[in-house]
Each structure stands twice: as structure tokens, then as C-alpha cells.
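Colleague: Hi, I'm new to this one. Could you show it to me and walk me through it?

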Amino acid sequence: MSIHRENLPIGKLRNLAFSCTSASQYIGSVMGIVLSGVLSETTGWRWGFNCAAILSLFGSLVSFWTIPQQAHEPKDIPWSELAEDIEWSGTLLASSLTALLFAALAVIINNVANIGRPGLFVPVALGWILLVAFLFWQDCCERDSTHRIQDSLWTNCHFLSIGLVVFFIYASSHSTSQLMIFVFQRAQGLSVLQSSWQYLPIPITGALSSLLTGYFLSRVKANQILIITIVLSSLSPLLMATMSPVWPYWKYAMPAVLLNSVGSNSIIPVAAMMVAGSFSPEIQGLAMGVLCTVAMIGASIGMALSALISNAVSTQLLRTPGRETSLLESPETWMSGYRTAFWFLFSLNLVGLAVTLGCLRKLGYLGRRIDIGN
């Protein structure tokens, strides 16, 4: 966000830069899944971690040599100044509550019956206590401090609304992608390599949707772009919820794969241009950091809840009188749980669409002039 703002003027080129950045995130994620499938079937799963380390090192070296340094920035930043600029108390509280809540979710997902265990009450209760403590701490900080989430972020109606939309759409999109893999492997009996190949349309449509969003941002109202892309993206879990595992890939699964990433790849460019037009340069990077964090939290919570729903439904069906098969021997039982989870993910898209229609209806043209208020 800050690099594009510092080096590119407002207009088509900056819109395209934001769109390419958004597309690269999703393309990299999906290509990683495809690469992991290829490696697991050929050289072995260990090479998946080796390749991840190699690519991370390569990305670090490329960023070190290619990211431009601003003329007004000092060449060296003292470690003491860096340590003082980090808000350690808020970071510790936020990290601790997130770890506790996700640990509790992991226990529940592993076995739905664990939800009633007394031992699970402790991490959940501590997580909520830390959440209240985090909010109280942030409220007690100095209002002019740049170490915390600025009040102006949350008092901006458009920013709060786009944050909710990002949360729900990323929760649906990433969870749908994860469940698709399970449908291909468990319900249809495909190998890891075969299911990975069926993922290839995702980076194509993801890149195309991001580029088209960047092109039309200055020509079409941003709320209309969001409505169209969210509606298209919502068709993906809907198709997966109504498909049969015996149907060919081209009938329902391929359109679902193609449409899944449209919404998530279009929202980030819109959000980036909205932030660039709504906030001062000093907090634009912070605002985009908050939105990216919200997106990742939404994806994690969405995957956790969809796994919980699918496991609960499948386990309940196995307990039906007259069923003597195990879960591994019953692909239709797997599919019944996945269908319920897909309906849940479809509802998340509808919630995101409702927020867009209700709270972002005045969001106008972006990338050519500032026409949104606080």
C-alpha cells in the first residue's frame, strides 16, 4: 500500500498496481496447493516444506534488492527506536487471545463431543477475558498515538463496512477452496495430484478478476463492482452444495472453481483505493494492515467453522440406526457434511452482500477522485 502510494500517481497505473498485488496473493496461494499436490505424489511431502523455505528466501532477497528506498527515509533505523515503536502490550494480548480461541476451535473440530468438556471452558474463557482486556487497553492508550489502531479507522463507516465484507468473503472463499479439495479426494476418490490439477482454473480467474477490477475502478462505481463480484463468488458454494459427487468435473465443479476467487480478488483493490482516498498518508499502511489481518482471521475462522459443521453432520449421520459403515467407507456421508458446510458458506456471502447493499451503497468511483466521506 505505502510503496504504491509513494511511487505511483493517482490514476489507472495505481489501480492496476493494487489489482496485481491482490491477484499475486491468491495466485501464489493456489499455486502452492497445486505444487504441494505434485510434490506429494512424486518426490514426497518433505519437499513441500523445502520448496516453501526456498521460495520464502528467494522472495526476501528479491524484496531486499527491488523495493525502492524513499529519499526522506533514514538509511539505518536504530533498534531501540524500533523496539519503542512497537506496541508490545497490545500485540501480546491480541496474539494470546487468538492462540487460545483457535486452540479451542481445533479441539472442537477434532471431535465435536469435546464441546462439552470442562477443560475446554478455560481457554475459551481466558480468550474472551483477553479480548475485553485488549479492547480496554486500546481505549486507554493515548488517542494521538500511532502505536495503536487509530480511532479514525473505526469511526469511518466505509472502513468498518469494508472490513466486515472482507471478513465474510474471505471466510467463504478460502473455506470453499479447502472443502473443494476434500470433495475431490474423499467424496470423489481422486488422488492428491488429480485434485490439485482441478484447482488450476482458480489463479486464472483470480488474476482476471483483479485486473478487470483495477481497470473498471475509475469507470464503474465501487459498490456496483462489489455487488457483481460477490454475487458471482456466492455461486461457487451454491454449486458445490447442489452437486452430486458422481457428476463430471465440467458440469458443476469447474464453474464453482472458476467463480470462487472472483469476490476475494476484487475486494482488496477496492479496499486499497478506498483507504487511499479516505485516510491520511500516515495511517494508510496501518489501515491496509488491519484489513489484511481481518482477511486472514476471517479465512481461519471460516475454515474452522466449516470443518466443525461438516464433521458434526457426518458424525451424526453415522449414528443413524441401520448404518454400519465407517466414515471412510461412505463417500456420500462425507458429501452430506460438505453440503451443509457449503450452504453455511453461501450464507456468509449473502451476509457480505447485505453489508455492501446496506452500508456501502454510497461508495462511488475510486482511483480518479476522492468521493467518499468518513
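Predicted model: local features only at pLDDT ≥ 70, side-chain atom pairs only at ≥ 80, totals over all residues.

Colleague: OK, what share of the protein chain's residues is buried?

Modeller: Of the 374 residues, 42% are buried.

Colleague: And how many helices and strands are there?

Modeller: The protein chain has 15 helices and 0 strands. Those are DSSP runs numbered from the N terminus: H or I over at least four residues for helices, E over at least two for strands.

Colleague: Let's pick a helix. Where does S209 sit?

Modeller: S209 is in helix α10, residues 201-216. S209 counts as buried because its relative accessibility is 8%.

Colleague: What does S209 touch, leaving aside neighbours within four places in sequence?

Modeller: S209 is in contact with S261, V262, N265 and S266. Contact means heavy atoms within 4.5 Å.

Colleague: What about S264, buried or exposed?

Modeller: S264 is buried, at a relative accessible area of 0%. It belongs to helix α13, residues 262-278. A polar atom of the S264 side chain lies 3.4 Å from the backbone oxygen of S261.

Colleague: Switching topic, how many disulfides does the structure hold?

Modeller: It holds 0 disulfides, a disulfide being a pair of cysteine sulfur atoms within 2.5 Å. For C359, the nearest cysteine sulfur is that of C157, 5.4 Å away.

Colleague: Why does C359 count as partly exposed?

Modeller: Because its relative accessibility is 38%. C51, on the other hand, counts as buried, at 19%.

Colleague: Now the outside. Which residues form a nonpolar patch on the surface?

Modeller: L57, L61, F64 and W65 do, with about 540 Å² of accessible area together. L61 lies in helix α3, residues 46-66, and is partly exposed at 46% relative accessibility. Patch residues have over 30% relative accessible area and no salt bridge; like charges are joined within 9 Å, and nonpolar side chains (Val, Leu, Ile, Met, Phe, Trp, Tyr) within 5 Å. A salt bridge puts a side-chain nitrogen of Lys or Arg within 4 Å of a carboxyl oxygen of Asp or Glu. Accessible areas come from the Shrake-Rupley method with a 1.4 Å probe, and for residues only the protein chains shown count as cover.

Terms used
Residues numbered from 1 in each chain as written. Heavy atoms only, no water. Buried < 20%, exposed > 50% of the residue type's maximum accessible area, 1.4 Å probe, protein only. Polar contact = N/O pair within 3.5 Å; in protein donor to acceptor, adjacent residues only side chain to side chain.
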